[in-house]
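Please work through the following exercises with the sequence and the model in view. Each task is followed by a solution in steps.

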Amino acid sequence: MTVLILDFGSQYTQLIARRVRELGVYSEIKPCWTECTAEHTKEVQAIILSGGPASVTDADAPKFDKRWIEQNIPVLGVCYGMQLIAHLKGGKLSQGENREYGFATVQVEGKSKLFSGFDAGDKTTVWMSHGDHVAEVPHGFEAMASSEGCPFVAMGNVAKKIYALQFHPEVVHSPRGKEVLSNFLFEIAQCEKNWAAENFIESTVQRIRSMVPQDSNVICGLSGGVDSTVAAVLVHRAIGDRLHCIFVDTGLLRKHEGDEVMEMLGRGGLGLQIHRVDAGSRFLSALQGVTDPEAKRKSIGKVFIEVFESETQRIPHVSHLVQGTLYPDVIESVSVRGPSVTIKSHHNVGGLPDRMKLKLIEPLRELFKDEVRALGRQLGVPDELLRRQPFPGPGLAVRLVGEITPERVKILQEADAIFVEEIRAADLYDTLWQAFVVLLPVRSVGVMGDGRTYEQTAVLRAVRSEDGMTAEWAYLPQELLRRVSSRISNEVRGINRVTMDISNKPPATIEWE
Ligand code: XMP
């Protein structure tokens, strides 16, 4: 039995799935336009309608089969999902007035199963992000919570087990949101706790086995990062040595990273077959003169695929390519399975040319980083590897603002190595999502000894984050910053100014490009 999440394009849809998993229940996401047929409703024990950017009355509002809310299967609408239920069941919406974005206080009205554990009149903080709201609940529904800007923040039709929330219970900014979700799953929909990492491993291994024909091989681009390693180990569990891993050294890795990665992967006793390709000069020549961030990403993606294509030709009968794509990579490129907005085109998401005739295996596509780490631990991946901070597929290219030249790559590698070394020495590495250096093409005047310098600028970037989707810049000890600044200016030729990026995501992204 599963909880079906119908995605209307919210950036938070996967967070709903994740919370449901954390509560021990298996869930699946499907696009909002999925037809409500006997085949699709077969195993569904509860339905959650996600949020989304549209207005339900827009001419181009996402398509939805309204039979989903007529099946006697318990339903929970979230934000857009609530407005949709109200609209389809004959309630009234107020559009555009009283928009609410950010924190709000809601007050629980009366007693209900949805707010089990709350008393009537209890107040709690929630995260709101909506333009429209329900102005009149449909017949058969009752109000279950309100806020200052919104008379109906929660409503439910108890007899039909259809409930809805205007706020987002899935985000951490709604501290009691998980309780409300839990109430829906267990008190209302009578779900069973049937989800654990072992189930995920087991079902994924089975699924991969059934995807890959007996006589064919699979290739995997291994980067030495957590994601591709865990993805490869999972696939290796399923098909053994029919998995061929390719480690492409793009020349845009961090200092000594290529050798370290090979050494670590070998040491892990993971049994993976790894072929290393040194393709630095190909990447650098393709990037010559390219300064636009999207053009860089596209160019790297293109070369990556070319390298893969030629490596694949050495291996007979290759049918699939494994990628360690995670949910945050997907959501910012295209929506998982429903509508969404493109922010950056991640080079490792899709985009294989048809002529390669390779199908994708992306076993981590719906997981968040910390879930992947937990999975890796379960699979026996060495801790040292699992603790590595994320590193973007396009590598240092997206940290070299402006033109990419071998000299600039070297300068950045040196500065970055110093920063990370000091972060490790201060025992901060594991507490940060990422710590790295960005090199700006901005030159400024400096003085060294008695001479004038006119060199580039380094930016220190250190962030804390749960999942890479939002991030806060990290406070670092002044003494550490002093050491890093003086070491970079003294030891790295080509940098005479060290600055620090104190931007959160949003509005900035973590990487600069
Ligand atoms: P942004 O810069 O979008 O980054 O805030 C969020 C997280 O994703 C990483 N990142 C990438 N990872 N391929 C990847 O595998 C990419 O193209 C890519 N771009 C960014 C980034 O390092 C951060 O952890």
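A crossing of helices is called left-handed if the near helix is turned anticlockwise from the far one by less than a right angle, and right-handed if clockwise. This is a predicted model, in which local features need pLDDT of at least 70 and side-chain atom pairs count only at pLDDT 80 or more, while totals for chains, interfaces and linings use all residues. Residues are numbered from 1 along each chain as its sequence is written, and side-chain values use heavy atoms, with hydrogens and water left out.

**Exercise 1.** Describe how helices H8 and H9 cross.

Step 1. Helices (H or I, at least four residues) and strands (E, at least two) are DSSP runs, numbered from the N terminus. H8 covers residues 280-287 and H9 residues 293-312.

Step 2. Axes are lines fitted to C-alpha atoms, for helices over the stretch in contact, and angles run from 0 to 180 degrees between N-to-C directions. The two axes come within 10 Å and cross at roughly 145°.

Step 3. The crossing of H8 and H9 is right-handed.

Step 4. In the contact (heavy atoms within 4.5 Å), H8 supplies Arg282, Phe283, Ala286 and Leu287, and the residues from H9 include Ile300, Val303 and Phe304.

**Exercise 2.** Determine the order of the strands in the open sheet.

Step 1. Two strands pair if DSSP finds at least two bridges between them. The nine strands follow the order E2-E1-E3-E4-E11-E10-E9-E6-E7, with mixed pairing.

Step 2. E2 (27-31) and E7 (123-130) each have a single partner strand, so one side of each lacks a neighbour in the sheet.

Step 3. The twist from one strand to the next averages 25°.
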